[in-house]
Amino acid sequence: MESGNAMNSRNFSIETIGIVGTGAMGRGIAQIAALAGLRVRLYDTNPAAVGAARDYLAETFAKLTAKGKLEQSRSLAALANVSGVQTVGELAGCDLVVEAIVEKLDVKQALFRELETVVSGRCILASNTSSLSITAIAASCTDPSRVVGYHFFNPVPLMKVVEVIDGLRSDPAAGDALMELSRRMGHTPVRAKDMPGFIVNHAGRGMNTEGLRVAGEGVASFADIDRIMREQAGFRLGPFELLDLTALDVSHPVMESIYHQFYEEPRYTPSPITGTRLSGGLLGRKSGEGFYHYVDGKQQVPAEAPAPSALPSSVWVSKRYPQAYDAVAQLVGKAGVKLDEGATPAAGSLIVVTPFGHDATTAAIDEALDASRVVAVDALFPLVGAQRRTLMTTPATTRAARDEAHALFAADDIPVTVIRDSTGFVAQRVVATIVNIGCDIAQKQIATPEDIDLAVTLGLGYPRGPLALGDALGAATILTILRNMFSVLGDPRYRPSPWLARRAQLGLSLTQRDAADTAEETRS
């Protein structure tokens, strides 16, 4: 989304960077800037913090050198590039000043007003804010055109993505200069419009808010939801492991902020679960207790109960989704269990359904099945060769039917999680929400499809970006899941994004822009 409208803009050249705020973010930005050969000037309202930051950088460069990751000559040169200053006035010669201070709008505005009186007209003023509007920060400036968002992620040297955010009055050339600077510092830049959450924090609403909603409905435990998202859906962390890592005193306010900034948009509704736990000090890893307990920093995970061993005598499988039927039938055969091939289930057969977006109860009613014998299996991800499978019961399912199904789907030693009835199981509803929010970011033109996927994979560590994930699973399948969830629950959080609905119905990739726009970009 780099702009081509900068022909009448200033030509920004960046060699000296001022950094205001010497906490974790300020130090991280200083580290990558100094290693890139840029002159860095550190300022903090606490003079002692400046010296501590430079000492930290010296120690960091020394450790990298000792590990053979950094040549000593480069380490010494990088440290020599860093100097501390005692007043804002000493930032006068900077080409760029990045603020990494407290997340309070009035404080940032006051700083930028002061900086304007000190630096030259060719100096870019950038905010590392993660949640505040760049347009609002710039509003108090005499020249808002040089105010841009420059959002790094912690720890900066390891998180190789940075968001460049254009405020409504930002000069595109300022953003272009930061895009180039990011590459020089070894980071991957993505461009975003000034909207709540920008790209990464906006897209991250899908995993956490939906995981919390699943838990809040009593569908499964925190640990089981995490197991499903890791082992069945292929994510590096489940929602509650992620929340424990980021800590609730950070993540809960962000959830509330984005929800309110979007004027109570149902897709971003926070959960009272995190509010209550935050009040109780259950912050996560850093407090020793969150959704998990931690002993000596090690997460304590409750053990899973062993799978039952008694297999069903016969199994009838719904043919509503033919591909899912074939996969289940294959597993039934491998377990040596008779497949009931009747048009309706025989009296003693276990009944297996494979809903997409519906709950087990709706599936049983729609197909006029005996709900006491119905167990649903999630077939969104491959069942054959899976790392984990998820089963779901109706409120009427007997213990015998549940245990027989558990034994059947664990017969090849693949772990199985059994959950209570839920529209869309766990993986279906979380993944569909992730894809849907990503599609909505594209629909609102907050960022290009390419930058959305790039930002999410690098910033959140997902196996694929939301749009690529939707393409891999099938846009039509994701649309079916969302529509079925919406039809059962009537909750507008599950209404499909127009970007998703239109492309799914036309058979287009979710990463594909409008054809006319693509042709116009090619001509230009």
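Which helix supplies the largest share of the lining of the largest pocket? The legends below take up this question after a view of the whole chain.

**Figure 1. The whole chain of a predicted model.** Residues are numbered from 1 along each chain as its sequence is written, and the model is a predicted one, in which local features need pLDDT of at least 70, side-chain atom pairs count only at pLDDT 80 or more, and totals for chains, interfaces and linings use all residues. Side-chain values use heavy atoms, with hydrogens and water left out. The secondary structure comes to 21 helices and 16 strands (DSSP runs numbered from the N terminus, helices being H or I with at least four residues and strands E with at least two). Along the principal axes, the C-alpha atoms of the protein chain fill a box of roughly 85 × 55 × 40 Å.

Figure 2. A volume is the space filled by probe spheres set on the points, which are joined across faces, edges and corners. Of the 42 lining residues, the closest to the centre of the pocket are Phe153, Asn154, Asn201, Thr246 and Val250. Helix α11 gives the largest share of the lining, six residues, while among the other elements that each supply at least two are α1 (24-35) and α17 (449-460).

**Figure 3. The largest cavity in the structure.** A search of the whole structure finds two cavities of 30 Å³ or more, and the largest has a volume of about 60 Å³. Its lining consists of Met207, Phe235, Arg236, Leu237, Leu242, Leu460, Gly461 and Tyr462.

**Figure 4. The second largest cavity.** This cavity has a volume of about 40 Å³, and Glu210, Arg267, Thr433, Asn436, Ile437, Arg493 and Tyr494 line it. Helix α16 (residues 427-443) contributes the largest share of this lining, three residues.

**Figure 5. An open sheet of six strands.** The strands follow the order β12-β11-β13-β14-β15-β16 with mixed pairing (two strands pair if DSSP finds at least two bridges between them). The edge strands, β12 (338-340) and β16 (416-419), each pair on one side only. Strands β11 (residues 314-317) and β13 (residues 350-353) pair in the parallel sense over three bridges, and valine 317 has valine 352 of β13 as its bridge partner.

How values were computed:
1 Å grid on protein atoms, 1.4 Å probe; cavity = no way out; pocket = protein on both sides within 12 Å on 5 of 7 lines; lining within 4 Å.
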